[in-house]
Structure formats: structure tokens, C-alpha cells
Amino acid sequence: MIIYHPLLGPRDSDEFTYLGDASLIDRPDGLAEDAAARFAEYVYMRDNPAGTHRELWFHAAGDQSWLVVTRNTATHEITHVELASDVARARRAGR
Amino acid sequence: MGRFSALRLLYEGLTGNRGWTPHWRDAAPQPAYDIIVIGGGGHGLATAYQLAATYGQTRVALLEKGWIGGGNVGRNTTIVRANYLLPSNQGFYALSLRLWERMEQDLNYNVMMSQRGVLNLCHSDAQRDAAIRRGNAVRLSGADAVYLDAGALKKDWPFLDYDNARFPIRGGLLQPRAGTARHDAVAWGYARAASDRGVDIIQNCEVTGFDIRGGKVFGVETTRGHIAAGKVGVAVAGNTSRLMGMAGLRMPIESHVLQAFVTEGLKPVIPGVVTFGVGHFYISQSDKGGLVYGGDLDGYNSYAQRGNLPMVEHVAAAGVSLMPMIARARMLRSWGGIMDMTMDGSPIIDRTPVEGLYLNGGWCYGGFKATPGSGLVFAHLLATDTPHEVAKGFRLDRFARGHVIDETGHGPTPNLQ
């Protein structure tokens with residue numbers, strides 16, 4: 001797979017380390033009343049779709065940036081790549 | 001159907017082989033069953049067989065979206081072993097190994113079970129200590145293990161690179177009762193034995209939804225219509241999340257692709273199964289002569305049943321550094337299977353929050369060796385509503401409770417297991 005890095009252009013996926021579903025950006029509030037249940041859900045449960053999946057990739061052999069890659073898990077086709085920092089910033093602004 | 005025997009083989013051979021018939025009935029769905037098993041892979045078939053053979057269930061259907069033997073049961077590397085360390089796993093795999101040893105008699109089917117041994121190599125003093133400890137634990141569980149140092153290994157395994165500069169081979173933990181079996185024959189043997197005992201094996205019948213009312217399952221919707229059922233058992237490997245999603249349940253599972261490879265046929269050269277303690281490379285030789293080998297997951301979520309080239313290169317490099325003699329063997333084929341990777345690397349066999357809906361999944365990349373044990377304990381759960389003695393740890397809610405069974409100590413990182 002070739003990942004089109006927003007800053008560095010096309011890079012071999014072998015340069016990256018995979019973390020998983022991009023929803024891992026949204027860490028639950030550890031002080032909330034139901035924090036234990038929310039963390040169990042956050043740490044262990046996954047949507048695991050067959051199809052479009054937004055996921056976190058780390059450019060370990062490159063610029064050390066985290067990316068949010070939109071990829072089809074049934075075909076491996078990558079349709080969109082963003083910097084995870086941009087995604088996180090946009091989410092905070094939207095709150 | 002008639003039993004298979006040497007006498008019958010001789011008779012058929014002398015009379016033009018006109019007496020052979022299809023090994024199982026290609027059944028059409030009836031309106032209702034007591035128990036429906038979804039998934040015609042090894043685990044589903046073994047479950048259906050055990051429901052009929054051991055638990056006396058007569059109205060059982062097995063639904064398969066494709067054909068019998070077309071999923072992971074026909075895509076794995078055929079290894080059978082029981083060398084787990086944690087108590088929740090040990091009893092189960094020891095039982096499964098015992099069932100492998102009598103499978104051909106139980107099923108009256110030649111599954112080419114070959115107890116040629118599985119050897120796990122170690123490369124440092126620390127790995128040696130861990131291997132000996134594991135071996136002791138495995139022996140206590142009822143399976144077998146013997147530690148061999150490098151000198152003893154050289155007799156049967158002279159071709160390994162013992163003096164490798166980075167990963168010298170210190171010794172290895174051998175399980176002599178482990179080995180390989182013909183994977184397709186396991187599926188066919190279970191299908192035939194289940195069908196003979198009255199199980200309806202329904203192929204080309206994909207489940208598209210569940211009939212759930214008031215938190216209880218009443219049947220399934222399929223591409224061949226509605227089928228009513230008292231209980232529904234799900235054993236669909238890489239599609240576990242998708243199917244349980246239809247019942248409104250989220251799973252502690254990610255689906256990942258694992259590749260496997262085979263070379264052209266060669267003369268007998270590798271006596272058993274050997275695993276490299278580095279990079280998770282493992283290899284054996286099929287009875288046809290091909291070297292069958294594989295390595296780690298590709299490492300990203302996938303339902304594609306095919307992997308990418310970086311892992312091909314990584315596995316080939318690990319293989320050549322373990323046994324330089326295979327460098328000139330030509331790779332014939334590669335393929336991928338979809339693994340239902342759980343958050344602790346261990347399976348789930350349990351009831352679900354939906355009454356009457358049961359799950360058997362999360363076998364990660366170790367499902368084949370578990371096939372007979374999985375069938376027995378899942379049939380036990382479906383028939384009696386209580387977990388089998390050796391499967392009590394495989395609960396669905398163990399993650400939230402903190403009772404994970406993390407054999408490799410990786411934590412909730414399915415792609416690294």
C-alpha cells in the first residue's frame with residue numbers, strides 16, 4: 001500500500017506503524033462518574049467494519065507524525081489522508 | 001453412505017469405483033430447527049457434529065454462505081499443537097490434542113493426522129529458561145514437551161543455522177505429539193459425520209440478519225429465506241464483528257490478514273514443524289512436498305483475504321536466516337486469511353447479551369489446532385447452557401472485568417500479537 005502523506009507525498013506503508021481505529025483519539029474523561037465502563041469500551045471494543053475505516057498510522061521511519069488514513073478494509077484502497085493533529089484540533093474546535 | 005475401510009477400498013478398486021457417493025447431503029433449509037450453527041468452517045462443522053454425536057440433538061442445521069471448506073479451514077497452515085502456558089488455555093488445548101489423536105476413528109475419515117512434532121527454537125539463555133518453564137507447565141496440563149539443546153537438535157535438524165551471528169540457536173522446546181493434519185479433510189470428515197447423524201448442512205446460504213424480539217433470538221434471515229431456531233450459535237471467524245453487529249453487539253475484536261506461503265514440491269527435507277523464535281517464522285513440509293510457511297500478521301485491519309509485499313519479504317528473509325538451504329526454493333503461491341483478533345489473543349466461547357444467541361470466535365491465528373476441542377465445548381454450551389469445564393475462562397465480558405487471557409503479554413494491541 002502507498003500512503004499519500006500530506007507533507008511528504010507518497011510513502012510505502014512499510015514505513016508506518018499501525019495503531020487502529022481513529023476513534024482512539026477521543027480518550028474518555030478519566031474523572032467522569034462512569035469512567036471505568038467508558039475506558040473498558042474505549043480500550044477493548046471496536047466497530048471493525050468491512051469497508052470504509054478511519055485509522056491511525058504513525059510514520060515511524062519518517063517524520064514521526066500521526067496520520068488519520070481513510071482506507072477500505074475490503075479492498076485496501078486509501079481514499080483520504082490527514083494529519084492526526086489537524087483532526088484532533090478540528091474536533092476540539094467543534095465541541 | 002457406508003463406512004470407509006481398507007476392505008471397501010479394495011472392493012471399489014476392483015469394481016470400477018462405482019460405489020462412492022457424495023460425502024454429505026446437500027440439504028435445503030427447513031422452516032425451523034432447534035439449533036442453528038452459522039459458519040461451515042472447521043469450528044462450525046465440529047460443533048454441529050458434536051451436537052448430534054455427543055449431545056443427542058436431532059434438529060440441527062449448519063448454514064454456510066459459500067461452500068464447505070472455502071474459508072479459513074482451507075487457508076491455514078495445518079498445524080496442530082497444545083503448547084500454551086496460561087491455565088485458562090492449557091486444559092482446553094490438551095483436550096483438543098487428545099481429540100485430534102482419535103479424530104480419524106471418531107469420524108471414520110482419513111484426515112492425515114501426522115504427529116511429526118512441533119519445535120519452538122530459542123536463541124538466548126532467557127528464552128531457554130522460558131521454554132523449559134513452559135514445557136513443565138504443558139506437561140502438567142496433560143500434553144507433552146521435551147527440551148532439547150543444540151547438540152541434540154542437530155541429529156534431526158542438521159540444516160538450521162546454529163551459529164547465526166545475531167540469533168544463534170541454543171536449543172528448542174519440542175512437542176512430539178503435535179504435528180499437522182490435512183485441513184480440507186478435517187472439514188469434509190466433520191461434514192460427512194455430522195450429515196450422517198442428521199445435521200442439515202446448507203451451503204450457499206448467507207445470514208443477512210437475526211430475528212430478535214424482546215432481547216431473544218427466534219431465528220435468522222438468510223439469502224434462502226427465514227429460518228426459525230430455538231438457539232443460534234455463531235462460528236464465523238473473521239466475520240464475527242460483522243455478524244454480531246447485525247445483532248446490535250460490538251466485539252472486542254479486530255479482523256486482520258495473515259499470509260501463508262508454499263513452495264514448489266521438494267523431496268522430504270523438514271521432519272516436523274519448526275518455529276523461529278525471531279519474527280514469528282514457522283515452516284513445515286506437506287506430504288506433497290511443498291514447504292508451507294508463514295509469519296506475522298500484516299498488521300492493519302483487513303477483510304481482503306490477501307496481504308501486501310512488505311510482509312512477504314520479511315517472512316522470506318526470516319526463513320532464509322533460519323535455514324539458508326531454502327534460499328533457492330521457489331515460492332509457488334501465497335494467500336491470506338482473515339483472523340478475528342481479540343484484545344488478549346485468546347478466544348471467546350460464551351453466551352451473549354441476546355438470549356439464545358451464542359458466540360464461538362476470536363480464535364486469532366490459532367483456530368485450526370482448536371477445531372475438535374472448540375466443537376465439543378461449543379456444543380456443550382449450546383446444548384446445556386453451561387460452559388464446558390475447560391472453557392470457563394473464554395468469557396465475552398472478561399475484558400471489562402480485567403480477567404484477560406493474554407498469552408503473549410501484548411496488551412490490547414491485536415495487530416502486534
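The dialogue below treats a chain, a pocket and the packing of helices.

Tutor: This is a predicted model, in which local features need pLDDT of at least 70 and side-chain atom pairs count only at pLDDT 80 or more, while totals for chains, interfaces and linings use all residues. Residues are numbered from 1 along each chain as its sequence is written, chains are lettered from A in the order in which they are written, and side-chain values use heavy atoms, without hydrogens and water.

Student: What pattern does chain A follow along the sequence?

Tutor: Helices (H or I, at least four residues) and strands (E, at least two) are DSSP runs, numbered from the N terminus. Chain A has 2 helices and 6 strands, in the order β-β-β-α-β-β-β-α.

Student: Which residues lie nearest the centre of the second largest pocket?

Tutor: On a 1 Å grid over the protein atoms alone, a pocket is an open set of points where a 1.4 Å probe fits, with protein on both sides within 12 Å along at least five of seven lines; lining residues have an atom within 4 Å of a point. Here 26 residues line the second largest pocket, and Thr78(B), His183(B), Ser286(B), Lys288(B) and Val292(B) lie nearest its centre. Among the elements that give two or more residues to this lining are helix H7 (183–196) and strand E12 (253–265) of chain B. E12(B) supplies the largest share, 4 residues.

Student: How do helices H2(B) and H7(B) pack?

Tutor: Axes are lines fitted to C-alpha atoms, for helices over the stretch in contact, and angles run from 0 to 180 degrees between N-to-C directions. Helix H2 (residues 42–53) of chain B meets H7(B) at about 30°, with the axes 9 Å apart. Angles under 35 degrees count as roughly parallel, over 145 as roughly antiparallel, 65 to 115 as roughly perpendicular and the rest as oblique. H2(B) and H7(B) are therefore roughly parallel.

Student: At what angle do H2(B) and H10(B) pack?

Tutor: H2(B) and helix H10 (residues 367–384) of chain B pack at about 45°, with their axes 7 Å apart. That makes H2(B) oblique to H10(B).
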